[in-house]
Amino acid sequence: MSELSRREFLAACAAAGAALKLGPYALDALAAPAGAALSIAHFRSSPQDPAAIADEARRLTREAVNGLGGMGRFVTRGDVVWVKPNIGWNRLPEQAATTNPDVVATVVRLCYEAGAKKVIVSDNSCNAAPASFARSGIQQAAQQAGADCFILDERRYRKSAVNGKTLKSWDVYGDVLGVNKLINVPIVKHHGLCKATLGMKNLMGIVGGERNRFHQDLNNTLADLAVFFRPTLVVMDAVRVLTANGPVGGNLADVKRRDTVAAGTDQVAIDAFGATLLGLKPQEIGYVVEAHSRGLGAMDFESLKPRRVEV
Amino acid sequence: MARSKTAWQVWLRRLSQTLFAALFFYLFLQTVYHPVNQAGRGVDLFFHFDPLVLLSSWIASHQVVAALLLSLITLAVTFLFGRWFCGWICPFGAIHNLLTTGRARNAKRRIAGSEYSRWQKSKYYILFALLVACALGLNLTGWFDPFSFLFRGTALLLYPMLDDATKASFGWVYQADPGVGSFKFTTVTEPVYEVLRRHVLATTQPHFTGTLLIALLFAAALLLNLYRGRFWCRYVCPLGALLGVAGKNPLVQIKRNQEACNNCRLCVADCQGGANPDAAGWKPSECFYCWNCHSACPHDAVTFAIHVPGGEQR
Amino acid sequence: MTNAFFRWIKHFFRPPQPTRLDLSRRGVILGGVAGLGTALLVRSSALGEGRTFSPTLVRPPCSLPEDDFLSRCIRCGECMKVCPTNAVQPALGEGGIAGLWTPVLNMRLGYCEYECDLCAQVCPTQAIRKMTLKEKQQVKIGLAFFDKNRCLPYAFARTCIVCEEHCPTPKKAIWFQEVQVMTPDGTLTTVKQPRIDPSLCTGCGICENKCPIADRRGVYVTSVGESRNPKNQVLLDSSAGAGYY
């Protein structure tokens, strides 16, 4: 499918989908065979050696995705995939402000194994992008895994009709709108305003413009983004979590090991699960409640009978 | 007999100027974030070899950064051999040189514009003023140092303009997406843009305040070359003045063949430094060793040679 | 051989005409007076250490105290080029006439990255001193202040705290107090009102940079509290200097 006709196709789908209130990637996901909605992989031990932690992250990611039926359920041959980790901050991986680079690299590899034609890894960083991409280790890890990891071009945002409750029209990164699949790869962190930043908050890295205004109505703006994007898959990094002074952190004492990676198709459920890793109840997270009330997913993630595996 | 082609020394000098200018702009582009938290290597190289920076820094603050001692090499070379630095190395000088070549064709006018003027002494007074201020703790040499001037002008002015123009042009093609038949121009422009983005362009467009003043001064410095060749180098540059003082009595001096010379003064026409290579009397402090006089002389009467001190003068 | 050497040195100091520099006495005196005058003019200006302080003169971290800074900085612009957030700008009036084109931070255009010391790495004269990254993170370049007339939770009873979100210090220098306020339609709501902890704040400016009130920010950084100037302080227990200067 050429670029142009894909756009036409999407436009037609969007028209149809708008009536059904589906995001741009939801149709592709709907086409995939049904399966488990949430899969949680937990490591039995908590190794300290960096190489062992890297290995743990890789294995947990694979097990979590396998628990959903494998990446082949989401990515098909010839797909162009956008893997969206948290590369927001100029921090080291150990400071748990950005997604674990080994989790990201594994997601990239799984996509290629499932037959993806191209995998893009990028994020609209809050700190200076060259520094954030480098210090987080994600640029190197993603490139080694064969992904196209580049810093976003400030001129390529396109005004898009988000048509949410609060966000009507907003700048979305142009290239994102042209890919087949979107995989959200957040890390679980404390947040001063909304208590926890999880998957839906991570979607802020795909938009541009004055995002600093979202916080005046964070519950609705994040739910709007979640409805608009509807990522194909969410892979949640909880190998390390940031328990205080988030989302930037800095103090290693605020980083705790949870040795967990979760994968899911239900954005609300996986965020609800992530909140529990910080000792919070899903009801305490405003945007989780809002998204649940819009029918985007199930806040009570246990009701989805998540597949749990000990690694 | 009449020399019709340019002397090889002049070609070598031009090559040297090109290479050092390229090095300067390469180091400029390297002055950027490298993973992780590293500025490029050796980006200060030109400043380390700049004796004006060393001298002013030391006089004003009584301390020196060790790396600046490399500039003693520049001073020593100039003391021994003359102001080759200005003619062969200085990138700012090379730019002035480039703009100077676009002047009058008429030899008579060129001679009038190139011969020594006593106003060339002004750079020494400027240097002295700056050093006196340094002695009282105020170091304003940065306003006049050629590397500072050039780096500042490039960083605050030229580079942001170039970055903006490049991104705007390629961005326009990307958005408008024109094509001929089924061929889209973006298939060519996008890969080129990617290369530029990776190696030349800035990650985000830089913006600087108060650039109008810098633009006016930069433009003035460059445009004055149309009035007098290498205006900055002759009349303003305090580094040139410092090197002129150091290079007062160099070992490489002009050698004129009195018999062959017919006083046509063509050697003066292209003299970059205003050093009077003709019978008026060569001024070593003003000579850049550009070899234009040697190249221009139709009678092979002018050249440069090692000069035994106190021995036979020209 | 040695004879020739001494003759050469003699010629250096007493060159024959016309190789002489031939500087006029008047020119030298004028030059000297100009240099002397400018230096004295700057020294006697009110804008100097211990007199008035310019709130907008926020220098890069690890900069020398002002007089030393002005004696070393060659206004080359290397720090301006390398700064990854485009925060370092050429001063116009912030540092007086002498400060023209010296580096100052403009927190609306950029901010000082916490995990970065590139400006100190490139400064050719070390007017910005290279320290370890940990030492640089202890240096204060100023302090942030809230403009409660503009900051959203104070002025409009709206939630925000983007400043607190971005604050990079390991223990955040911005904390918040949950306050019950009245909204325009008469109902009560709880908002988080942010405050600065001046003992933790380094003046990095990311709060000012990210504040959504685009024209005049709800939180802004001024130079007071800068480590390099023991006189430009506000806290009694400020550890200005802290052994770095």
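This is a predicted model: local features need pLDDT of at least 70, side-chain atom pairs count only at pLDDT 80 or more; totals for chains, interfaces and linings use all residues.
1. Now for β6(C) itself, which covers residues 219-222. C:V219 and C:V221 point one way from the strand, while C:Y220 and C:T222 point the other way. That's what you'd expect, since side chains in a regular strand alternate between the two faces of the sheet. Buried or exposed, these four residues of β6(C)? All are buried.

2. Over in chain B, have a look at helix α7, residues 107-114. Its buried residues are B:R110, B:G113 and B:S114. Viewed down the axis of α7(B), they fall within an arc of 90°, so they line one face of the helix. And what do the buried residues of α7(B) pack against? The partner is α15 of chain B, residues 266-269.

3. Chain A, in overview, has eleven helices and twelve strands. Of its 311 residues, 58% count as buried. If you take the contacts in chain A with a separation of 6 or more, 76% of them are between residues 24 or more positions apart.

4. Last, the contact between chains A and C: 19 residues of chain A touch 25 residues of chain C. On the chain A side, the classes come out as seven nonpolar, nine polar and three charged residues.

Terms used:
Residues are numbered from 1 along each chain as its sequence is written. Chains are lettered from A and ligands numbered from 1 in the order in which they are written. A residue is buried if 20 or more other C-beta atoms lie within 10 Å of its own, exposed if 12 or fewer, and partly exposed in between; C-beta atoms are placed from the backbone. Helices (H or I, at least four residues) and strands (E, at least two) are DSSP runs, numbered from the N terminus. The arc is that of the directions from the helix axis to the C-beta atoms. Two residues are in contact if their C-beta atoms, placed from the backbone, lie within 7 Å. Ala, Val, Leu, Ile, Met, Phe, Trp, Tyr, Cys and Pro count as nonpolar, Asp, Glu, Lys and Arg as charged, and the others, Gly among them, as polar.
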